[in-house]
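Have the sequence and the 3D view open as you read.

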2 protein chains.
Amino acid sequence: MTAAPHVRLETALSDFAAALEAGLAARLNATPRPGEIARPARLLAAMRHAVLAGGKRLRPFLLTEVARLLNPGLTVDALMPASAAIECLHCYSLVHDDLPAMDDDALRRGRPTVHVAFDEATAILVGDGLLTLAFDLLADPACHADPAVRAALVLDLARAGGLGGMVGGQMLDLAAEGRFGDGARPDEAEIRKLQAMKTGALIRAATVMGARLGGGSDDVLHRFGRFGDVLGLAFQLADDLLDVTATESEMGKAVAKDAAHGKGTLVARLGIDAVRAELDRLVAEATELLSPWGARSATLAAAARFVAERRR
Amino acid sequence: MTAAPHVRLETALSDFAAALEAGLAARLNATPRPGEIARPARLLAAMRHAVLAGGKRLRPFLLTEVARLLNPGLTVDALMPASAAIECLHCYSLVHDDLPAMDDDALRRGRPTVHVAFDEATAILVGDGLLTLAFDLLADPACHADPAVRAALVLDLARAGGLGGMVGGQMLDLAAEGRFGDGARPDEAEIRKLQAMKTGALIRAATVMGARLGGGSDDVLHRFGRFGDVLGLAFQLADDLLDVTATESEMGKAVAKDAAHGKGTLVARLGIDAVRAELDRLVAEATELLSPWGARSATLAAAARFVAERRR
């Protein structure tokens, strides 16, 4: 692999991130929308702090790239409501996970977390507001002309986010730290399950929702479900590696926290070399899943490599 | 007014509450649903604690009664997904509002609040899980055959719940306590606005969603929007009266908290007699809004009186 595709992908990601930030900022302006009574200024400011913080925007990027692979006529703007929705869901989960009662993190993307920059009550409401906004965005006719697609997108996101997905995964993660007085440490199968729920479910939702928005058949939706699963697993394995190898300054947040919290990670269980080998295998599988689209899928293949090899 | 309609309404409410509890319990069993990976047992138990706690179930009752007024062929069971969704949204807001960082309440409906019975992290996740489940229920084909209705229901609920509704209303309520270092006390217009957001928006959503599920025209939806607004205002005024006049044992939660927190209420500003007079006027308006349906709307008219005159 040469350096060039990485460079092009980084450019595509940062161009997309700028467009997404503009879309999110427009949605979080001061003007009440139909059905809203008023928008409290402090809450709006805190929601903007939470979502306009310069993340990689990987999930909405994947959604957008999958949709445009299947239907090249779709624009980034046309896909903005769904992109914004999936990023709101991601950011809500970060804000709540950072709370003192949860992971108690003071730093996120190199900036104070919402409960530090504002206060704990505001941070709880920011998360609730972003979670709710995600479904507002998906159900709105601006998201897609066909209400059947909108309802299906809501269901995709709700199932990824709920007690059998992200919320349940965070619960299992807290349990894995021994938070609830249960001394048992999770085995490899349990670690994989909790990571699939906490991290994998939303990445899968992004690729499935992209395929849905692109008008994909059931077979294509199934293929992009698997593509999302593979990326989610690679994402988590790369995260575990970074927790061991990266510095706090590179990550913009605290590192080596998993080990400090006594969490089992697959790196601790399998070793760095075995995890790197599994990452290579996952990138190969992701690329193979894209083979029906040939060279047109180069950006998504590069995204899979980026996920596996990222440094932050 | 004789006692009899009240007695019949209490029976109808308690029959409905039993059916709703069964529906909620069935939805919160241990079996993962399609798209879910696993359901952590402690989180499920805490979600059940939050929703199976014997509330009045007023919001889903209103949704069901409005839908059945417009389409008598609809059964309580057929309306169960939407009923469960609106109750999940209500219960999520209670769980998060009770948190130490918010209103710090230890007692709810005579039982320990979720963060007391379990722990704070679990309570945050219970709220997140119930909020997410609400949208899952509405977007599922089991809720309504027509995806356009499902998408519209999601939008109704998201707008009632979001930063221009419940989440924003709770933020304004905290600000009204002087929580954010702002010494200003809200005036009557500001109190009415925050109550419309915090309490009124979800009651309005219940009646509008009921009208939508009953197949009502735009005019009928508009009428039930106003009906919900009137009930929401009556609900909050009755709540303010109870905060002054009821005992903790009658309410099953702490009372006189608003005064203790320095919150302005309309009872404090207008006096008990003026508030009772406004409640009478609101019941009359609610009854008048139901007049096109004559005697068939007796249960909803009784519900309006119940809301205004309730003792708990």
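## Ground rules

Helices (H or I, at least four residues) and strands (E, at least two) are DSSP runs, numbered from the N terminus. This is a predicted model, in which local features need pLDDT of at least 70, side-chain atom pairs count only at pLDDT 80 or more, and totals for chains, interfaces and linings use all residues. Residues are numbered from 1 along each chain as its sequence is written, chains are lettered from A and ligands numbered from 1 in the order in which they are written, and side-chain values use heavy atoms, with hydrogens and water left out.

## A buried aspartate

Look for A:Asp173 in helix α8 (residues 166–176) of chain A. A:Asp173 counts as buried because its relative accessibility is 9%; the cut-off is under 20% relative accessible area, with a 1.4 Å probe and protein chains only. From A:Asp173 to A:Leu194 is 21 residues in sequence and 6.6 Å in space, C-alpha to C-alpha.

## Where two helices cross

Which residues of α6(A) meet α7(B)? They are A:Thr132, A:Phe135, A:Asp136 and A:Ala139, and their partners in α7(B) include B:Val154, B:Leu155 and B:Arg159; contact means heavy atoms within 4.5 Å.

## How the copies are related

Methods
Buried < 20%, exposed > 50% of the residue type's maximum accessible area, 1.4 Å probe, protein only.
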